[in-house]
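Me: Could you help me see where the words we use for a protein structure come from? I would like to go through them one at a time.

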Amino acid sequence: MMLTNTPKICSTGIENCIKRYGNAEQFFKTFCPDNIAKYSSYPEKCISGYAPTLNVIKNAYGEDVATSWLMLQLNCVNAIVGSQNKLSPEQTFSLAQLILFNTDFSTLKVTDIMLFINQLITGKYGCFYGSVDSQIIGEALYKYKRWKMEQLYEIEVKRKKQEREAMYQEWEKYKNKIGKIE
């Protein structure tokens with residue numbers, strides 16, 4: 001039985017990603033963990049900008065590259081969080097794979113992940129209590145998704161309000177001109 005409603009990857013998204021960010025090495029340079037603080041200083045742009053999603057990265061550069069990129073981001077947590085017990089390389093790999101192949105996270109952009117890592121490290125989702133824990137990271141990622149949806153809603157409300165105000169100002173200009181014609 002063939003599923004007709006399965007999500008498809010837009011090939012133009014993949015093409016645009018490669019066109020914009022180049023090969024895998026150039027992608028890694030653009031979105032390296034050293035840039036987490038820089039990207040995170042613009043949270044609205046991280047969540048509403050045009051960075052590629054995890055799904056696009058997986059399809060543009062391959063699963064190995066996408067997994068490696070996620071592992072680099074997760075290793076920042078290991079490096080910075082002051083816990084005694086860190087994620088092992090095997091745990092980091094498994095967590096990266098679980099995030100990459102979880103359909104709940106496939107639409108997160110790479111800048112979402114970087115913003116999330118920043119928020120995780122700075123304590124927005126609590127602390128690790130002595131050990132970096134994959135389950136806590138997963139729970140926090142779901143909290144991030146909810147927060148992101150709230151932020152996107154607020155951004156859209158703000159955008160629509162600005163559009164209404166611009167239309168009202170335009171209408172006021174024409175209303176005054178129409179009144180002068182009489």
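This is a predicted model: local features need pLDDT of at least 70, side-chain atom pairs count only at pLDDT 80 or more; totals for chains, interfaces and linings use all residues.

Me: Let's start with the overall fold. How many helices and strands does the protein chain have?

Reply: The protein chain has 9 helices and 0 strands.

Me: Why is the protein chain called more spread out than a compact globule?

Reply: Set the two values side by side. The globule rule gives 16 Å for 182 residues, while the radius of gyration of the protein chain is 21 Å, well over that, so the chain is more spread out than a compact globule.

Me: What makes Thr92 count as buried?

Reply: The cut-off for buried is under 20% relative accessible area. Thr92 has a relative accessible area of 1%, so Thr92 is buried. This residue sits in helix 7. Leaving aside neighbours within four places in sequence, Thr92 is in contact with Met71, Leu74, Asn75, Asn78 and Leu87.

Me: And for the chain as a whole, what share of the residues counts as buried?

Reply: Of the 182 residues of the protein chain, 37% count as buried.

Me: What makes helix 5 mostly covered?

Reply: Go through its residues: 7 of the 8 are buried. These are Leu54, Asn55, Val56, Ile57, Lys58, Ala60 and Tyr61. After helix 5 comes Gly62, with a positive phi near 100°.

Me: Which residues touch the most other members of the largest nonpolar core?

Reply: Among the 46 residues of that core, they are Phe31, Trp69, Phe116 and Ile137. Several helices, including helix 1 (11-21) and helix 9 (134-181), each supply at least two residues of the core. Helix 6 gives the largest share, 8 residues.

Me: How do you know what Trp69 touches?

Reply: Contact here means heavy atoms within 4.5 Å. Not counting residues up to four places away in sequence, Trp69 touches Phe27, Phe28, Phe31, Leu54, Val110, Ile113 and Met114.

Me: One last thing. How many positive and negative charges does the protein chain have, and how far apart are their mean positions?

Reply: There are 23 positive and 19 negative charges, and their mean positions are 6 Å apart. As for the surface, the protein chain exposes about 11,800 Å², with carbon and sulfur atoms supplying 55% of it.

Terms used:
Residues are numbered from 1 along each chain as its sequence is written. Side-chain values use heavy atoms; hydrogens and water are left out. Helices (H or I, at least four residues) and strands (E, at least two) are DSSP runs, numbered from the N terminus. The radius of gyration is taken over C-alpha atoms; the globule rule is 2.2 Å times the number of residues to the power 0.38. Buried means under 20% relative accessible area, exposed over 50%, partly exposed in between (1.4 Å probe, protein chains only). Accessible areas come from the Shrake-Rupley method with a 1.4 Å probe; for residues, only the protein chains shown count as cover. Lys and Arg count as positive and Asp and Glu as negative; His and the chain ends are not counted. The place of a charge is taken as NZ of Lys, CZ of Arg, CG of Asp or CD of Glu. A nonpolar core is a set of buried Ala, Val, Leu, Ile, Met, Phe, Trp, Tyr and Cys residues joined through side-chain atoms within 4.5 Å.
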